[in-house]
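The points below are meant for a colleague who is meeting this structure for the first time. Please read them with the model open alongside.

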Amino acid sequence: MTIAAIDEAVCNGCGICVKHCPIDVIRLDRERKKAVIAYREDCMLCGQCLDCPEDAVRLEPGWGRAYLLGWG
Amino acid sequence: MKETTVQTDVLVIGGGMAGCFAAVKAREAGRDVVLVDKGYVSKSGETPYAGDTAVFNPAWGHDLDAWLTQVRTVGEYLNDARWTEIVFRDSYERFLDLRAFGVEFLEEDGEPVRLDHPLTQIELPDRDKFPPLVSQVVHWLPGWPAKLRKAVVKSGAKIIDRFVVTELLMEDGRVVGAAGFDVEGNATRVLRAGAVVMSAGGGGFKAVGYPTHELTADGHVMAYRAGCEVTGKEFLSPHHTNPEEPGWPPIYPVFASGHSAAFPGAWHDPEMVNAEGDPVPVRGMAWHGWIDAEWEAHEGRAPVLAAGPPDGKVRPLSGPGGHGSMLGHAAGGIVPVDDTCATHVPGLYAAGDSCGTCFVGAAYSGFGFATMHAAVTGARAGLGAAEYARSADRAAPDARGEAEALERALAPLRRRGGFTPRWTTQVLQNALAPYFVLYIKKEERLRAALTTVEFLRDHVVPKLYARDDHELRLAHETANMVANAEMKLRASLLRTESRGTHYREDFPRRDDPDWLAWVRLKDEGGVMTPFTEPIPEESRPDPALPYAQRYPMRLPGEEAR
C-alpha cells in the first residue's frame, strides 16, 4: 500500500496533512481532532503528507492497485 | 447544500507556478483577484516537484541562437519560434520576480549557481552540425512553493483552496466566470469574473509512478468545451519508473530538496540493457526514455534493465507506456492567439501547462523549461486578463445559466447508481496504458482504443455517479480524462508521420512536405474535430539540408526505406 498509517497518539489534529494532500486522501475527524486516511486507494505516494510537524504519517512502498505496468 | 457567489475582476484557476504568477501580476495591475485550486496552493499540481528552472540571460554568456537551435533540433521544428524566444527573453525578469518573492536559490558569492543541463549523454551524429545542448538551470532551495503562495497572499489576491471548478460560465460567447464545488463539505460556488486565467496544468491518466493524479486535463477540457482550440495532444512527456515499486520513494521529499539532479532518474540513464544483455540504443529522440525501452519490448526483448530510482540500483524498467505519460509538458494545450495568452474565447487566458504555446515543439528539450514557461505565460496571462477585466463591459449575471451549471456539477451526486469513477478510470487506463497505444502507435490500434473511449464518452460518462463529495470530484476528473483520451487519439490518428515524441509504426518517417504543421482540435457542433495549422515559414527547417541532417535521430523502421 501507499500511505500506511497516521499515528493517532502523535497526531495533533493540525490538519496540515489534509491540506497538503493534493488528492483528498486524508480528512480531519473534527470531533476527535485527528487526521484519518479516508480514501487510501487514491493515494499517489507524493509524500507531501510527510510535512506533518509531529512526524505522525507513515508510508509504505508498493502499490495496491491492479494496473498495467511494464510489459507483462 | 450551501451555495456562495463570489465576484472578482480576475479569476485564476489553478495555483501552481503559472497561476501564482498570474494572480500576482493581475494584482499589480490593480485588479481584484481570486485564485482557486482543487488542492492547496503551493502543494498541488506539478509545482511541488520542480527542482529547478531554466533562465536565459545574455549576461551569463547565453547565446540566443544556440538556445533556439537546441529547441528546434530536439523539438523537430514544431516549436513556435516566436514563443520560444518570448519565453527565453522574459525568463530572467521572472527569475528576479522569484527572488523578490523570497525564493532562495543555490548561490555562491551572491550569484546563483548555474548548472549546464545536458539534454543528452549521447553523441549526436554529425555533431559539428548540431551544437552542444546548452540550457542552464538554477536550483531553488527547499520550501520555494510556499514562497509563491506567500507572494500571492501578500499581493492581496484571495485564495480559495480545495475547490473544484467544473465548468466555465459563458455569456454571449465570452467567459464570465466559473462554477464548481468544495472538495469537502458539499458546498457549491459561482465565481463571477471580468476575465479568467486557466492555469490548471496538463493532463495524464492517474498513472502510477509519478504523482500527477490531480492533473486530469481539467483546464484543457473546460476551455475546449467553452470553444477554445487545443493543440499538441499527439505528443508525450514520458517518465519511466520501475514496475516493482513504481511510486517509491515518494517523489516530493526527494525533489523538494531543491536538487533534483541528485535523483537518479532512469529515463535518461544511458545504460539500458535488454533481456539478452545487449545495450539498448537511443532511438528517435536525443535522449533515452521515449520509445527505446518500448521498442525492445515490442521486439520481445523485455525486461529492460536500467539503473534508476530510488537508489540508482539496476532493476527492471517500466515503460512510460506502462505507467502512462506524464503530461505533454509544455508541448500542447489551449491555443493562445496573442502575446498576452488570450485564447479564441474572449475573456479566457491560458498559462503554464494549460497553455499550448508550442514553445518546445514535438519533444521536451530542456530541464527547467516547463517552470520557465509557466512563469512567463503566467505573468503575461495575468496582465492580459487584468487589462481585459478593466476595459471590457461586464455582462449582467445569468442566474439561470449559473443554476444549470451547478446542477451539472452536482449531477453525479444526484444519481443513485450507474458507473463509478474508479471503475471507469481503470477501463480507460487499460485502453490507453499499454505501450502499443500511445507510444508505438498504429492506425488500427488507435482506432480500437478510440472505440473504447467513444463508448465511455457516450454511455458511461453520462451515468457516472458519486456516493460522496470525494467521489464527485473523481467523477468530474474521470469525464475530463475521457475527453483528454479522445483528444490524444484523434490527434495521433491525424498525424500520419512520426516526429518528436509522436511515433507511428505505420508512418515511421518525418514527412516535411505534409507535416510541418500543428494538429489542433476544436468542437464543431458537438463533434471533436482535428485539423492542421501550418507552422510559420520562419520555423521551418532548411530544405537544402539532407534528411539525415535535419533529423539526426533514427526511428525504428525508417532505415528500411
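1. Helices (H or I, at least four residues) and strands (E, at least two) are DSSP runs, numbered from the N terminus.

2. This is a predicted model, in which local features need pLDDT of at least 70 and side-chain atom pairs count only at pLDDT 80 or more, while totals for chains, interfaces and linings use all residues. Residues are numbered from 1 along each chain as its sequence is written, and chains are lettered from A and ligands numbered from 1 in the order in which they are written.

3. Helix α3(B) covers residues 81-100 and spans 29 Å from its first C-alpha to its last, close to the 28 Å expected at 1.5 Å a residue, the expected span being 1.5 Å times one less than the number of residues. Just after α3(B), B:Gly102 has a positive phi of about 100 degrees.

4. Chain B as a whole contains 16 helices and 18 strands, and 59% of its 561 residues are buried. Of the contacts in chain B between residues at least 6 apart in sequence, 77% join residues at least 24 apart, a contact meaning that the C-beta atoms of two residues, placed from the backbone, lie within 7 Å.

5. Strand β2 (residues 33-36) of chain B has both faces covered, with B:Val33 and B:Leu35 buried on one side and B:Val34 and B:Val36 buried on the other. In general, the side chains of a regular strand alternate between the two faces of the sheet. Four bridges link β2(B) in the parallel sense to β1 (residues 2-13) of chain B, and three link β2(B), again in the parallel sense, to β8 (residues 158-160) of chain B; strands count as paired if DSSP finds at least two bridges between them. Among the facing residues, B:Ile13 has B:Val36 as its bridge partner, and B:Leu35 stands opposite B:Ile159.

6. Two open sheets of chain B deserve a look. One has three strands in the order β3-β7-β6, with antiparallel pairing, and its edge strands, β3 and β6 (114-116), each pair on one side only. The other has four strands in the order β15-β12-β17-β18, also with antiparallel pairing, and its edge strands are β15 (333-334) and β18 (527-534). Eight bridges join β17 (residues 517-524) to β18(B), and B:Ala517 has B:Pro534 as its bridge partner there.

7. Helix α10 (residues 399-414) of chain B bends by about 35 degrees at B:Arg408, with B:Pro412 following within four residues. The buried residues of this helix are B:Glu402, B:Ala405, B:Leu406, B:Ala409 and B:Pro412, and they pack against β9 (163-171), β10 (174-182), β11 (187-198) and α14 (469-494) of chain B.

8. Which residues touch the most other members of the largest nonpolar core? In this core of 157 residues they are B:Val10, B:Val196, B:Val197, B:Met198, B:Tyr349 and B:Ala385, a nonpolar core being a set of buried Ala, Val, Leu, Ile, Met, Phe, Trp, Tyr and Cys residues joined through C-beta atoms within 7 Å. Helix α9 (residues 369-391) of chain B contributes the largest share of the core, 13 residues. Apart from this core lies another, of 19 residues, among them A:Ile16, A:Met44, A:Cys49 and A:Ala56.

9. In chain A, A:His20 lies in helix α1 (residues 16-20). Why is A:His20 classed as buried? A:His20 is buried because 22 other C-beta atoms lie within 10 Å. Not counting residues up to four places away in sequence, A:His20 touches A:Gln48, A:Cys49 and A:Asp51, as well as B:Tyr40 and B:Lys43 of chain B.

Note on methods: A residue is buried if 20 or more other C-beta atoms lie within 10 Å of its own, exposed if 12 or fewer, and partly exposed in between; C-beta atoms are placed from the backbone. The bend at a residue is the angle between axes fitted to the seven residues ending there and the seven starting there.
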